[in-house]
Amino acid sequence: MKILVCITHVPDTTSKISFTEGDTKFDSTGVQYIIGPYDDYAIARAVELKESNGAAITVLNVGGVETEPTIRKALAIGADEAIRVNAAPADSLFVAQQIAHVAKDGSYDLILMGRESIDYNGGQVHAMVGEILGIPSISPVMKLEIEGSKAIMSREIEGGKEFLEAELPFVAGCQEPIAEWKIPNMRGIMTARTKPLNVVEPVSEDAAVTYGTYEMPAPKSGVKMASSVDELVDLLKNDAKVL
Amino acid sequence: MSIVVVIDSADGTIKKGSREAVSYATQMGGDVIALALGDAPENELASLGKNGASKVITVAGEFHSIQEAATAVAEVMNNVGADTLVLAQSAKASAIGGRVAVKQGASMASNVVALPDTANGFSVKTSIFSGKAFANVSLSKEKKILVVSKNVVDIKEDGGDAVVEAGSVNIPDADKNITVTGQEKASGDVLLTDADIVVSAGRGLKGPENWGMIEDLAKALGAATGCSKPVSDMDWRPHSEHVGQTGIKVAPTLYIAIGISGAIQHLAGVNSSKHIVVINTDEEALFFKAADYGIVGDAFEIIPQLTEAIKAL
Ligand SMILES: Cc1cc2nc3c(=O)[nH]c(=O)nc-3n(C[C@H](O)[C@H](O)[C@H](O)COP(=O)(O)OP(=O)(O)OC[C@H]3O[C@@H](n4cnc5c(N)ncnc54)[C@H](O)[C@@H]3O)c2cc1C
Ligand SMILES: Nc1ncnc2c1ncn2[C@@H]1O[C@H](COP(=O)(O)O)[C@@H](O)[C@H]1O
């Protein structure tokens with residue numbers, strides 16, 4: 001089985017978000033980058049499937065050279081090889097076109113992604129890739145087992161979960177509790193250094209959206225502290241007017 | 001301009017988010033056509049006219065796969081000559097939108113938090129970095145897809161009923177490519193994603209056996225229950241209740257956080273709430289900085305008192 005795992009390179013979840021150049025550019029000064037948390041579930045599940053069913057795992061990122069340490073981390077977790085499409089991820093459709101192009105060449109049985117990226121939170125790249133390739137896209141997937149050419153899954157729906165089955169190949173957007181995040185061990189880190197990381201040039205596509213200026217939310221006006229339950233109820237009733 | 005709005009319903013009732021989406025599209029201007037996939041009662045659908053829809057098109061079917069929903073949406077857009085698609089944020093809205101965007105060569109924006117600015121092209125404000133910032137995004141293609149967040153516009157309620165008609169779309173069998181084998185409803189009477197009030201608790205509660213008082217408070221308020229990530233990781237509560245950056249993002253009128261420290265990843269899932277109440281023994285807890293109201297104290301004393309006080313109102 002061949003699995004393609006698509007990962008994002010995103011600011012650590014504790015990062016302070018700010019912008020520069022007249023609020024037109026994300027300020028990456030001092031920001032620590034990580035594999036997107038949902039993508040981290042995808043890679044963890046791929047490694048588990050490799051252990052249980054046998055699989056070759058390719059990780060893929062669309063991004064500049066600065067994403068390579070993040071890609072190496074995915075190799076250290078257990079992916080076998082990596083591909084970096086050498087382009088800034090201009091928008092979701094552009095990224096999806098690049099992923100679909102790589103996927104067409106590689107004839108993968110399964111394409112795993114995160115349910116969404118944590119920078120732009122689009123939640124749409126998996127669907128776009130599925131549509132371009134003409135295969136199902138299923139998200140958010142909370143459980144994934146492979147039996148022969150069939151996958152047995154559960155996914156989140158509004159108000160609960162649903163159990164389903166689909167034939168390979170398809171694209172899945174992963175979320176917990178599909179797997180536990182894996183921390184690379186020393187051996188993984190050592191072998192990751194010599195695993196292949198192929199850089200390919202993008203296929204030309206124009207972006208469908210462009211990012212203009214960025215803004216920060218208005219700060220909270222300050223917390224009103226209650227010294228008793230009665231005072232709290234009074235605030236909720238007469239100040240917030242929610243009771 | 002002609003706008004198609006996809007309608008979600010559950011147990012025969014149209015979701016609040018869908019009524020907001022119709023109201024949003026109406027404020028954009030142009031002809032608003034609501035599209036209901038699957039079954040919903042006709043009088044309920046007709047009432048979308050009050051929110052501004054000129055017509056409701058229904059397409060019967062199960063729509064288990066995103067693919068068949070996307071095919072139906074794209075076909076209806078073509079049939080009515082729509083240039084814009086509006087969806088209310090949901091577990092599958094962005095996925096349906098993504099597939100339609102490819103079919104229609106459309107520009108798409110998710111997490112839209114304001115009406116479009118058309119003074120110079122077409123741009124919308126979207127929430128990014130899990131609510132920690134906003135981006136103004138220009139949509140350059142002729143066709144546009146907007147996935148609108150909750151509570152962006154007030155629901156318009158002054159129109160008359162809309163005509164409801166059955167649409168005809170041709171969904172290839174190849175799109176029906178998943179088999180649903182069962183469903184499991186989340187516990188609790190109120191759906192977390194739709195709730196107007198959320199009562200959420202964290203590791204400060206010490207163990208799953210202490211959730212009875214949380215459920216009692218939620219019941220008294222007609223609220224849904226939520227929790228922090230460690231609580232669901234330890235299986236004290238189901239994963240469907242996990243709120244935050246890597247869990248459910250909620251935007252209720254009132255969010256009550258009990259024994260939750262207020263880690264940035266938790267805040268990312270609740271920062272769109274209108275009012276936040278924090279109950280914590282530690283006056284230094286980070287959550288107080290993001291709160292509107294707070295009380296320092298032991299949840300085990302405060303929660304039963306609060307429940308009684310609310311019942312007495
Ligand atoms: C990549 C990543 C993603 C994450 N995503 C999420 C997410 O989506 N959602 C999420 O919640 N977390 C997430 N986390 C975890 C997050 O960083 C915190 O660890 C977590 O939110 C802490 O949970 P907590 O507040 O319940 O527990 P704690 O941090 O242990 O806080 C417990 C709180 O309870 C208070 N307390 C103790 N006893 C009482 C009492 N008797 N009465 C009242 N208060 C009391 C304490 O003062 C303390 O403030 C993520 C972490 C990472 C690394
Ligand atoms: N630049 C990228 N490179 C590789 N995969 C990506 C990229 N951007 C998004 N993805 C994948 O698509 C998923 C959904 O992203 P999004 O639609 O941006 O929320 C992510 O969780 C990743 O798995």
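Begin with the contact between the two chains: select 81 residues of chain B and 75 residues of chain A, where contact means heavy atoms within 4.5 Å. The model is predicted, so local features are reported only at pLDDT of at least 70 and side-chain atom pairs only at pLDDT 80 or more, while totals for chains, interfaces and linings use all residues. Residues are numbered from 1 along each chain as its sequence is written, chains are lettered from A and ligands numbered from 1 in the order in which they are written, and side-chain values use heavy atoms, with hydrogens and water left out.

**The interface**

The size of an interface is often given as the accessible area lost when the parts come together. Here chains B and A bury about 6,500 Å² between them, 58% of it on carbon and sulfur atoms; buried area is the accessible area (1.4 Å probe) that two parts lose on being put together, summed over both. On the chain B side, display B:R99, B:F129 and B:Y293, which lose the most area to chain A and together account for 12% of what that side buries.

Next, turn to the charged pairs. Side chains of opposite charge can pair when their charged atoms come close. Eight salt bridges cross the interface of chain B and chain A, a salt bridge being a side-chain nitrogen of Lys or Arg within 4 Å of a carboxyl oxygen of Asp or Glu. One to select is A:D206 with B:K141, at 3.2 Å from N to O.

Strand β12 of chain B (residues 178–185) gives the most to the side that touches chain A, with eight residues. Helices (H or I, at least four residues) and strands (E, at least two) are DSSP runs, numbered from the N terminus. The chain B side as a whole divides into 35 nonpolar, 31 polar and 15 charged residues. In this division, Ala, Val, Leu, Ile, Met, Phe, Trp, Tyr, Cys and Pro count as nonpolar, Asp, Glu, Lys and Arg as charged, and the others, Gly among them, as polar.

Now show β12(B) together with strand β11 of chain A (residues 160–167): the two pair in the antiparallel sense over seven bridges, pairing requiring at least two DSSP bridges. To find one such position, select A:K161, whose bridge partner in β12(B) is B:E184.

**The ligands**

Select ligand 1, which lies between chains A and B. It is surrounded by 28 residues, the closest being B:S228, B:S261, B:Q265, B:H266 and B:N280; a residue is near a molecule or strand if one of its heavy atoms lies within 4 Å of it. Among the backbone approaches, an N or O atom of B:R203 is 2.8 Å from an oxygen atom of ligand 1, and a polar backbone atom of B:G259 is 3.1 Å from an oxygen atom of the ligand. At B:A299, a polar backbone atom lies 2.9 Å from a nitrogen atom of ligand 1.

Move to ligand 2. Of the 19 residues around it, A:C6, A:D39, A:S117, A:G123 and A:Q124 come nearest. A backbone N or O atom of A:G123 lies 2.6 Å from an oxygen atom of ligand 2, while a polar backbone atom of A:V62 is 2.9 Å from a nitrogen atom of the ligand.

**Backbone features of chain A**

Most residues other than glycine have a negative phi, and most peptide bonds are trans. The bond from A:L168 to A:P169 is cis, with omega near -5 degrees, and A:P169 is found in the loop between β11 and β12 (170–174) of chain A. A:E21, not a glycine, has a positive phi of about 50 degrees.

Definitions and conventions. Polar contact = N/O pair within 3.5 Å; in protein donor to acceptor, adjacent residues only side chain to side chain.
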